[in-house]
Amino acid sequence: MTYAEIVEFHGHECPGLAIGYRMATAGLAALKSERAEDEEIVTIVENDACGVDALQCVTGCTFGKGNLIFRDYGKHVYTIYSRVTRKGVRVVYHGKDLPDSIQDDRDACAEWILSAPQDSILTVTSVTVSEPEPAQIRDSVVCANCCENVIESRIRSLGDRSVCIPCFEKNR
């Protein structure tokens, strides 16, 4: 997928999207891997910023396929793991060489990130990863309060009733 297609998917160009693009492409290159068709690649992201959209497009990792894992640490860090080679890399955006003169210019900043030498913005290190479980298809249960389907692992007991998390929170 081209960067232009990723911008179209995301809706706008921004430094965060450029960061995610560079991080994802560097991670796949370090693993000598290509975009996942199914669950061959698993990615753990440590933020929910714009760059994750680029990562999904580049790596093929998505919440729907179960190979995108979110850890809310607020860091520009992606751990990318190949189930095929059983190797992983941790990609960290540090942006140490970003010129002060462009920090307030979103377009110039994104352009610089896309063209900067990799080591001036990223650190890529090999890591050992405990292989994440493959995605599981779970049964649904109807919430006794709102009557909406809920994945069985998210059901809570409220007295003798099985309810979804929002209904549980509202009625405890």
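This is a predicted model: local features need pLDDT of at least 70, side-chain atom pairs count only at pLDDT 80 or more; totals for chains, interfaces and linings use all residues.
Helices α2 (residues 15-31) and α4 (residues 106-115) pack against each other with their axes 8 Å apart and at an angle of about 10°. Because angles under 35 degrees count as roughly parallel, α2 is described as roughly parallel to α4. On the α2 side, the contact is formed by P15, A18, I19, Y21 and R22. The α4 side contributes R106, C109, A110, I113, L114 and S115. Sorted by class, the residues of this contact comprise eight nonpolar, one polar and two charged. In general, an α-helix has 3.6 residues a turn, so residues three or four places apart point the same way.

Helix α3 (residues 51-59) is largely enclosed by the rest of the structure, since eight of its nine residues are buried. These buried positions are G51, V52, A54, L55, Q56, C57, V58 and T59. The elements that cover them include the helices α1 (3-10) and α2, together with the strands β1 (41-45), β2 (68-70) and β3. Just after α3, G60 adopts a positive phi of about 80°.

Strand β3 (residues 77-82) contains S82. With a relative accessibility of 1%, S82 falls under the 20% limit and therefore counts as buried. A polar atom of the S82 side chain lies 3.2 Å from the backbone nitrogen of V84. The backbone nitrogen of T85 is likewise found 3.1 Å from a polar atom of the side chain of S82. When neighbours within four places in sequence are set aside, the contacts of S82 are with L31, S33, E40, I41 and K87.

The side chain of N145 makes a polar contact of 2.9 Å with the side chain of R161. Not counting residues up to four places away in sequence, N145 touches R161, V163, C167 and N171. N145 and R90 are separated by 55 residues in sequence, and their C-alpha atoms are 43 Å apart in space.

Key
Residues are numbered from 1 along each chain as its sequence is written. Side-chain values use heavy atoms; hydrogens and water are left out. Axes are lines fitted to C-alpha atoms, for helices over the stretch in contact, and angles run from 0 to 180 degrees between N-to-C directions. Helices (H or I, at least four residues) and strands (E, at least two) are DSSP runs, numbered from the N terminus. Angles under 35 degrees count as roughly parallel, over 145 as roughly antiparallel, 65 to 115 as roughly perpendicular and the rest as oblique. Contact means heavy atoms within 4.5 Å. Ala, Val, Leu, Ile, Met, Phe, Trp, Tyr, Cys and Pro count as nonpolar, Asp, Glu, Lys and Arg as charged, and the others, Gly among them, as polar. Buried means under 20% relative accessible area, exposed over 50%, partly exposed in between (1.4 Å probe, protein chains only). A polar contact is a pair of N or O atoms within 3.5 Å; within protein, one must be able to donate a hydrogen and the other to accept it, and residues adjacent in sequence count only if both atoms are side-chain atoms.
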